[in-house]
Amino acid sequence: MNKINLAFDKKLTNLAGFDFGVKIYEEQVKNKLNFNEKFEIVFPDEIRMIASSFVQGFFSDIVKQIGLKATEKNLVISNEKLRNSIVKKLQ
């Protein structure tokens, strides 16, 4: 399984913005994932809220490459509440 630990400014507690999501994906994730297997995205503990705009930007390339169903199936986020929130925002 691929595991990507995301890094943000420690003062950041909320993530928002489609373009910011795309930027973080391109800088920290792109070309590091094998889409044929499960992948874990690890958000730092200080991240409390993730807006739909960030989720849609961050996952846009993944969904475009493997589709929504495969993204939902292969995405692993250890914080179940956060995972459910992200999956809901992808739909």
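Buried means under 20% relative accessible area, exposed means over 50%, and partly exposed lies in between (1.4 Å probe, protein chains only). With that in hand, let us look at the aromatic rings.

This is a predicted model, in which local features need pLDDT of at least 70 and side-chain atom pairs count only at pLDDT 80 or more, while totals for chains, interfaces and linings use all residues. Residues are numbered from 1 along each chain as its sequence is written, and side-chain values use heavy atoms, with hydrogens and water left out.

Rings of Phe, Tyr and Trp (its six-membered ring) pair if their centres lie within 6.5 Å; planes under 30 degrees apart are stacked, over 60 edge-to-face, and the rest tilted. Searching the whole structure turns up seven aromatic pairs. Here are two of them.

| Pair | Centre to centre | Between the planes | Class |
|---|---|---|---|
| F8 and F20 | 6.3 Å | 55 degrees | tilted |
| F43 and F58 | 6.4 Å | 50 degrees | tilted |

F8 sits in the loop between β1 (2-5) and β2 (14-15) and F20 in helix α1 (residues 18-28), so their pair ties together parts twelve residues apart in sequence. Helices (H or I, at least four residues) and strands (E, at least two) are DSSP runs, numbered from the N terminus. F8 is buried at 11% relative accessible area, whereas F20 is partly exposed at 27%.

F43 is buried at 9% relative accessibility, and F58 is buried at 0%.

Finally, ring pairs join F8, F20, Y25, F43, F54, F58 and F59 into a cluster.
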